[in-house]
Amino acid sequence: MDTADYLDRLLSASSGVDAPAAVIVETVQGEGGLNVAGMAWLRKVAAIARRHGALLTVDDIQAGVT
């Protein structure tokens with residue numbers, strides 16, 4: 001499942017979900033194994049956020065970036 005496509009469909013005008021102020025992502029998830037977001041996915045999510053008027057916020061505390 002492409003979660004970026006799912007996010008885009010969820011935020012579409014016909015879904016009934018209000019437009020968010022921000023989309024928050026973790027680029028490195030370290031609980032229960034290591035899961036790193038790919039650059040193509042991040043770019044796609046950034047474009048979706050921009051298209052829907054939302055900020056893209058990266059929460060990378062696991063990687064030491066605050």
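User: What percentage of the 66 residues in the protein chain do buried residues make up?
Analyst: This is a predicted model. A residue counts as buried when its relative accessible area is under 20%. Across the 66 residues of the protein chain, the buried share is 20%.

User: Which pattern does the protein chain follow, read along the sequence?
Analyst: The chain holds 2 helices and 4 strands. Its C-alpha trace spans about 35 × 25 × 20 Å along the principal axes. Read along the sequence, the elements give α-β-β-β-α-β.

User: What part of the contacts with a separation of 6 or more comes from residues 24 or more positions apart?
Analyst: Contact here means heavy atoms within 4.5 Å. Take the contacts in the protein chain with a separation of 6 or more. Residues 24 or more positions apart account for 67%.

User: How are H1 and H2 oriented, roughly parallel or roughly antiparallel?
Analyst: Two packed helices are described by the distance between their axes and the angle between them. The axes of H1 and H2 (residues 39-51) come within 9 Å and cross at roughly 10°. Angles under 35 degrees count as roughly parallel, so H1 and H2 are roughly parallel.

User: Which residues of H1 and H2 make the contact between the two helices?
Analyst: The axes of H1 and H2 come within 9 Å. On the H1 side the contact is made by Thr-3, Ala-4, Asp-5, Leu-7 and Asp-8. On the H2 side the residues are Trp-41, Lys-44, Val-45, Ile-48 and Arg-51.

User: Leaving aside neighbours within four places in sequence, which residues is Leu-7 in contact with?
Analyst: Leu-7 lies in helix H1. Leu-7 has a relative accessible area of 18%, so it is buried. Setting aside neighbours within four places in sequence, its contacts are Val-23, Val-45 and Ile-48.

User: How many Å apart in space are Leu-7 and Arg-50, C-alpha to C-alpha?
Analyst: Leu-7 is part of helix H1. In sequence, Leu-7 and Arg-50 are 43 residues apart. In space, C-alpha to C-alpha, the separation is 13 Å.

User: How many salt bridges does the structure hold?
Analyst: Side chains of opposite charge can pair when their charged atoms come close. The cut-off is 4 Å from a side-chain nitrogen of Lys or Arg to a carboxyl oxygen of Asp or Glu. The structure holds 3.

User: What is the N to O distance in the salt bridge of Lys-44 and Asp-2?
Analyst: Lys-44 is partly exposed, at 32% relative accessible area. Asp-2 is partly exposed too, at 32%. Their side chains meet in a salt bridge with an N to O distance of 2.8 Å.

User: How many residues apart in sequence are the parts tied together by Lys-44 and Asp-5?
Analyst: The side chains of Lys-44 and Asp-5 meet in a salt bridge, 2.9 Å from N to O. Lys-44 lies in helix H2 and Asp-5 in helix H1, so the pair ties together parts whose separation in sequence is 39 residues.

User: Which helices hold Arg-51 and Asp-8?
Analyst: Arg-51 is exposed at 53% relative accessibility. Asp-8 is partly exposed at 24%. Their side chains form a salt bridge of 3.1 Å, N to O. Asp-8 lies in helix H1, and Arg-51 lies in helix H2.

User: Is Thr-27 buried or exposed?
Analyst: Thr-27 sits in the loop between strand S1 (22-25) and S2. Beyond four places in sequence, its contacts include Asn-35, Leu-42 and Val-58. Its relative accessible area is 10%, so Thr-27 is buried.

User: How many Å apart in space are Gly-30 and Pro-20, C-alpha to C-alpha?
Analyst: Gly-30 is in the loop between strand S2 (28-29) and strand S3 (35-36). At 37% relative accessibility, Gly-30 is partly exposed. Gly-30 and Pro-20 are 10 residues apart in sequence. In space, C-alpha to C-alpha, they are 26 Å apart.

User: Which residues form a nonpolar patch on the surface?
Analyst: Met-1 lies in the segment before helix H1 (3-10). Met-1 is exposed at 81% relative accessible area. The patch has about 420 Å² of accessible area together. Its members are Met-1, Tyr-6, Leu-10 and Val-17.

Technical notes. Residues numbered from 1 in each chain as written. Predicted model: local features only at pLDDT ≥ 70, side-chain atom pairs only at ≥ 80, totals over all residues. Heavy atoms only, no water. Patch = residues over 30% accessible without salt bridge, like charges linked within 9 Å, V, L, I, M, F, W, Y side chains within 5 Å. Areas by Shrake-Rupley, 256 points an atom, 1.4 Å probe, with all protein chains shown as cover. Buried < 20%, exposed > 50% of the residue type's maximum accessible area, 1.4 Å probe, protein only. Axes fitted to C-alpha atoms, helices over the stretch in contact; angles between N-to-C directions. Parallel < 35°, antiparallel > 145°, perpendicular 65-115°, else oblique.
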